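Please summarise the fold of this protein chain.

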Amino acid sequence: MLLFIPLSLLVVSVALLVIFAPTRVRYTEQRRVAAPIAIVYDDIRLQERLMQWSVWPAATKSGCAVEGIDGEIGARTVYLTAVGVRSGYQEIVELVPQTRIVFTLTSPGPIRQQPILTFDLQRVDDRHTDVFLHFANTIARPSNALARLLGIVAWTRTLHRGDLASLQTYSEVRATQKLAG
């Protein structure tokens, strides 16, 4: 009988978490980059470049390959496991020249979700660009509770912050090289 009460409490707690845990995740991160908007735009939309600065491949221990015409709508960065098996992809679904790049993300994992990653760029002056990373995701129940319990939502945001810092470094080095060259 004593085991039944804590087990019942656990079952009720998990059920309440599934019901009341948010199914939507939304946040915006921002970074000022000391590089012209054209450089920053290409460093994001061109998947070969993006994979040079993104923290995701190392964090997820995955390789990458580009399918389609790099930097165009429909281009995909395919994620590969250590043995070369496809494990999801990101696809460019919208481009507004030197203003916006939108990706959808697809993962075969157990968490049912619909992530969208948008980069909005604003020209500050000839040598500076503000980058706004908007992340929106809808996580189906009961995966919503699992994503929060396992810390996946917080981990994702941490990686997005790392991406912006890496993009900043990558684009600023390219801008410096362009000015010197």
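This is a predicted model: local features need pLDDT of at least 70, side-chain atom pairs count only at pLDDT 80 or more; totals for chains, interfaces and linings use all residues.

Residues are numbered from 1 along each chain as its sequence is written, and side-chain values use heavy atoms, without hydrogens or water.

The protein chain has six helices and seven strands. Helices (H or I, at least four residues) and strands (E, at least two) are DSSP runs, numbered from the N terminus. Their order is α-β-α-α-α-β-β-β-β-β-β-α-α. Of the 181 residues, 36% are buried, meaning under 20% relative accessible area with a 1.4 Å probe, protein chains only.

The seven strands form an open sheet, ordered E1-E7-E6-E5-E4-E3-E2, with antiparallel pairing. Pairing requires at least two DSSP bridges between two strands. E1 (24-33) and E2 (63-67) are edge strands with a single partner each, so one side of each lacks a neighbour in the sheet. Twist averages 20° from one strand to the next. E6 (residues 116-125) and E7 (residues 128-138) pair over nine bridges, antiparallel.

Two helices contact strands of the sheet (contact: heavy atoms within 4.5 Å). Angles run from 0 to 180 degrees between N-to-C directions; axes are lines fitted to C-alpha atoms, for helices over the stretch in contact.

| Helix | Strands | Angle |
|---|---|---|
| H2 (residues 37-45) | E1, E4, E5, E6, E7 | about 165° to E6 |
| H6 (residues 152-180) | E1, E6, E7 | about 20° with E1 |

How values were computed: Buried means under 20% relative accessible area, exposed over 50%, partly exposed in between (1.4 Å probe, protein chains only).
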